[in-house]
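Thanks for coming. I will take one structure and go through it piece by piece. Please have it open while I talk.

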Amino acid sequence: MEKTTEETTQEATEEAVRAATFTVKRYPVAPGYRLNVRSGPGTNYSLVKVLPEGVRVPVNCQKPGQTITGPYGTTNLWDNIANGQYVSDAYVHTGSDGYVAVRCS
């Protein structure tokens, strides 16, 4: 049985929504840096782990926090890379000085 144009369009839309829902862009950490991952948006939060050089991180959401100076400038933006894990955006090459993801709630 052949699909109608409406059914084909609906399937394409549903597929695009699924892809957008599960696709999180990954950004490179500044070359030559091992990056500290914190439990919140500042160096006063506990150290969760240290990322090795050359990794790419997902940016699930972003929030303001402590101002940090790094290889990509000075910023108060912190990138959420996993549940309870934040890195300073000053060490992540997002190509922007502003938000590239939704604000964390």
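Ser96 sits in the segment after β7, where strands (E, at least two residues) and helices (H or I, at least four) are DSSP runs numbered from the N terminus. Before I go on: this is a predicted model, in which local features need pLDDT of at least 70 and side-chain atom pairs count only at pLDDT 80 or more, while totals for chains, interfaces and linings use all residues. Residues are numbered from 1 along each chain as its sequence is written, and side-chain values use heavy atoms, with hydrogens and water left out.

Back to Ser96. The cut-offs are under 20% relative accessible area for buried and over 50% for exposed, with partly exposed in between, using a 1.4 Å probe and protein chains only. The side chain of Ser96 reaches the backbone nitrogen of Gly98 at 2.9 Å. Ser96 and Tyr72 are 24 residues apart in sequence, and their C-alpha atoms are 9.4 Å apart in space.

Now the chain as a whole. There are 1 helix and 7 strands, and from the N terminus the order is α-β-β-β-β-β-β-β. The chain has 105 residues, of which 32% are buried. Take the contacts (heavy atoms within 4.5 Å) between residues at least 6 apart in sequence: 46% of them join residues at least 24 apart.

Next, strand β7, residues 85-88, which contains Gln85. Strand β6, residues 73-82, runs antiparallel to β7, and 4 bridges join them; two strands pair if DSSP finds at least two bridges between them. Asp79 has Val87 as its bridge partner in β7. The hairpin of β6 and β7 has 2 residues between the strands, and Gly84 there takes a positive phi near 70 degrees.

Which way do the residues of β7 point? Gln85 and Val87 point one way, Tyr86 and Ser88 the other, and all are buried. In general, side chains in a regular strand alternate between the two faces of the sheet.

Gln85 counts as buried because its relative accessible area is 14%. Its side chain makes a polar contact with the side chain of Lys49 at 3.4 Å. A polar contact here is a pair of N or O atoms within 3.5 Å; within protein, one must be able to donate a hydrogen and the other to accept it, and residues adjacent in sequence count only if both atoms are side-chain atoms. Leaving aside neighbours within four places in sequence, Gln85 is in contact with Val37, Arg38, Val48, Lys49, Asp79 and Asn80.

On to the core. A nonpolar core is a set of buried Ala, Val, Leu, Ile, Met, Phe, Trp, Tyr and Cys residues joined through side-chain atoms within 4.5 Å. The largest one has 19 residues, and those with the most contacts inside it are Leu35, Leu51, Val57, Ile81, Val87 and Val92. Two or more residues come from each of β2 (35-38), β5, β6 and β7. Not counting residues up to four places away in sequence, Leu51 touches Arg34, Leu35, Val37, Val57 and Ile81.

How many disulfides are there? The count is 1, taking a pair of cysteine sulfur atoms within 2.5 Å as a disulfide. Cys61 and Cys104 form the link, with their sulfur atoms 2.0 Å apart. Cys61 lies in strand β5 (residues 61-70) and Cys104 in the segment after β7, so the pair ties together parts that are 43 residues apart in sequence. The link is right-handed, with 95 degrees about the S-S bond, and both Cys61 and Cys104 are buried.

Last, the aromatic rings. The structure holds 1 aromatic pair. Tyr33 and Tyr91 form it, edge-to-face, at 5.3 Å centre to centre and 70 degrees between the planes. Rings of Phe, Tyr and Trp (its six-membered ring) pair if their centres lie within 6.5 Å; planes under 30 degrees apart count as stacked, over 60 as edge-to-face and the rest as tilted.
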